[in-house]
Amino acid sequence: MNPTAPNAAAPSPERALAAHTPMMQQYLRVKGEHPDKLVFYRMGDFYELFFADAERAARLLDITLTARGQSAGAPIPMAGVPYHALEPYLAKLMKVGESVVIVEQFGDPATSKGPVERRVARIVTPGTLTDANLLDAKRDCLLAALLPADKRTGIAWLNLASGAFTLTEVPQHESAAVLERIGPAELLLPDDAPPPAVRGRMPPLRSLPVWQFDGAAARRALAKQLGTMDLAGFGADEAPLAVGAAGALLHYAGATQQAALAHVRTLAVEVASAFVALDPATRRNLEITSTLSGEEAPTLHSLLDGCATAAGSRLLRQWLTQPLRAQAHLGERHDAIDAMRGNPRIARALAGALKRTVDVERVVGRIALANARPRDLAGLRDTLAKLPALASDLAAFEAPLLAAARAVLAVDPRWEALLTRAVAPEPAAIVRDGGVIAGGYDAELDELRAIDAHCGEFLVALEARERERTGIASLKVEYNRVHGFYIEVTNAHVAKIPDDYRRRQTLKNAERYITPELKSFEDRALSAQERALAREKLLYDALLRELVPAIPALQAAAAALAQVDVVADLAERADALALVRPRFVLEPGIAIRGGRHLVVERQVEHFVPNDTVLGGDRRLLIVTGPNMGGKSTYMRQTALVALLAYCGMFVPAAEATLGPLDAIFTRIGAADDLAGGRSTFMVEMTEAAYILNRATPESLVLIDEIGRGTSTFDGLALAWAIAHRLGEGNRCLTLFATHYFELTALAAEMRGCANVHFDAAEHRDGIVFLHAVADGPANRSYGLSVAKLAGVPVETIRQAKAYLARLDQFSARSEHQSDLFAAPTQAASPGAVADPRATQIAERFAALDPDALSPREALDALYALKKLL
């Protein structure tokens, strides 16, 4: 049965099969089973597409659209690609979210009566890629399924390339955050479920019949796949919706591969309490794996990723995007990094050896799915040969994590021995080219190869004999793929040919013949080639089956190699980037001395480290200072130090001590959501509400410039109330940056609140940002100076200064209510009103910028002021 429900129109109008040729009937039957996919139909040396499939493929792949035959009096659109160049075209289609059905020829055209037997060989979809040429080496390709019900959602995801199978169950409003974190390449959901509200790029959606998500059927299918009586041992009983999603996912993956998923052997149930929560806004704002503009670099991952293997890069990405809460597990990672730093010579040797290994994780996946290529097996053989030396190097380290890795690298040597015996030292790229199985592995194959190998000797001997027999010195015995073996004689010597020569081909200046002896040899030689290739294919398929029992041990070794690679990389990065080991304590809080922002410091000439102390009587820090003064960088670097510590990595600081951490929340920057119909201010308030409803005393919260998208007093009031709630209600560890200087009064009225600020210095030519944090509130914003630095016209700056003077004067008149949040006081009695001429003179004087005036303009300004006086 087709694993997906149709979500696209059929490629051609409905017509009776009888109206088409037998070959086209065969095609339409396959297309009827897969109406939502492009059908690549093998015909000789090409994969052909017909009807609407051909038109769509021609547009997407930029290939020629032709026609073949007719249907209802109209030409049938057709397009095709060479069979040997299929993969680049598949890669293009996967990038745009298409799915493809590969229909192969299984019959022999020479012996078939009617159409050659064809059937679906595999189905390629964006989430089920396993071929190295279609996969991003440093990113996991995940297939996910989602099952919403009531107020909860079950989510399952499978990495088909490695066999990693994970599920979780979360409140419905958290499902989009999970999907954004895992970033699936394809998403399955029931056909009656709405698509999730994922911000950013939505993966291709596949709607499946609701019955495929049935929980009871899913439990049976999963237990059978995992070889267990039930799922209790995996902790899946507490996630029934996720089990239903996993069942649909397993069915879909199996249908696409047309094979058993032998490498899917276990199930991981993800529990939110095991990880430090990072909401989608935090992942974006901290630029962990992609910049705010969606680029790969510069990011935290790009800076830290010096891994020797692609598997190591993928594991590093997992560590960075899923920090742990268990300090004991983090300590094991820190111990391993410390150990590597203590022996840099061996660490470098390990990294060098790892560079010469293959991606064992993905090779094992292809072995399980029986689509591993010969060079995959050759690479696996060579990698297995290196494991004893790698294990020997690891013996120098006592860290538990490295000791455990060393233990699983002791793979049974019989698998290396089998591959050494079976696979040629340098095999061909694909089995059909031959030369894959090593000599001496199979006696029958050796015999068939010997016939082919001695072919040249026979032809040379025959040519010599025939020249002597006929007296034709120019006679040649040759071979080509079209006509086979032949004897070529030029027209000048045709009269000399013996009676047993039979004409095979006539050329312009020569004739080609065959003799009974040559024909007999041809039958033997060509038959030997065909039989050798067939035998080689048979032996190769058997070898893949023979390797299936090795999958568990090879998967464990692959995981160990990736882990060693990440630890070695992090040790090298710690030395190169001056990172230190963080210290964990049981009391909530963060104390950082000399903290730095890893990414920003690589982009500037001189970076100023800063201290951060949160906890106890400093749970809420009100951060003030000028724009570009360093407030945002300061907050982000605090979060990144905490993140790296809880990923089990060293941190950019002179010293760092951290207490328990359950989440990192950020409300930074401003952007609207036009597609979702939300203004900038609405997005800001939604993110603030998310934080206020979830932050705990063990959460780290970053709030930057909240309340700017509405009127000044509304924004100020909201900012004050949010800060107050975070400090006294949530009692979380908070950095709250603002330009509302009124908020600095919170430190005097709320326990656990303190002020810190960034300062700047003005001089004749402009402004210098000091980028150093200090206790207490800022006394100025320097907004006009920053505007001038940005290139705002001088006249505009002059007008702004004049208006600022008026605002300051208004503020001075209203000084009896300088604290907007203080209790109301009795209104001041009317007093003397300032002389309007004095006010006008003050405004004009404040608007003057001596540095911007020419001598003539200065003189005019002086006369104007004298006139006012």
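Tutor: Happy to: two strands count as paired if DSSP finds at least two bridges between them. Helices (H or I, at least four residues) and strands (E, at least two) are DSSP runs, numbered from the N terminus. What you see is a predicted model, in which local features need pLDDT of at least 70 and side-chain atom pairs count only at pLDDT 80 or more, while totals for chains, interfaces and linings use all residues. Residues are numbered from 1 along each chain as its sequence is written, and side-chain values use heavy atoms, with hydrogens and water left out.

Let's begin with the sheet. Six strands form an open sheet in the order β3-β4-β2-β1-β5-β6, and their pairing is mixed. The edges are taken by β3 (66-71) and β6 (118-124); each has a single partner strand, so one side of each is left without a neighbour in the sheet. From one strand to the next, the twist averages 35°, an angle between lines fitted to C-alpha atoms, taken between N-to-C directions on a scale from 0 to 180 degrees.

Further in, you can follow one pairing residue by residue. Strand β2 (residues 46-50) runs antiparallel to strand β4 (residues 74-82), and five bridges connect them. One place to look is Glu48, whose bridge partner in β4 is Gly80.

Another antiparallel pair is formed by β14 (residues 476-480) and β15 (residues 484-490), again over five bridges. Here Val477 has Ile487 of β15 as its bridge partner. The link from β14 to β15 is a hairpin of three residues.

Now for a helix whose length we can check. Helix α19 (residues 551-576) has 26 residues, so at 1.5 Å a residue it should span 38 Å; the C-alpha atoms at its ends are 37 Å apart, which agrees. The expected span is 1.5 Å times one less than the number of residues. After α19 comes Ala578, which has a positive phi, near 55°.

That leaves the charged side chains. The structure holds 45 salt bridges, each a side-chain nitrogen of Lys or Arg within 4 Å of a carboxyl oxygen of Asp or Glu. For the surroundings, buried means under 20% relative accessible area, exposed over 50% and partly exposed in between (1.4 Å probe, protein chains only). Arg119 is partly exposed at 41%, and Glu117 is partly exposed at 42%.

In helix α17 (residues 455-470), Arg469 and Glu466 are three residues apart, which means about one helical turn separates them. Their closest N and O atoms are 3.0 Å apart, in a salt bridge. Arg469 is partly exposed at 44%, whereas Glu466 is buried at 6%.

Arg503 and Glu511 form a further salt bridge, with 2.9 Å between the closest N and O atoms. Arg503 is exposed at 54%, but Glu511 is buried at 10%.
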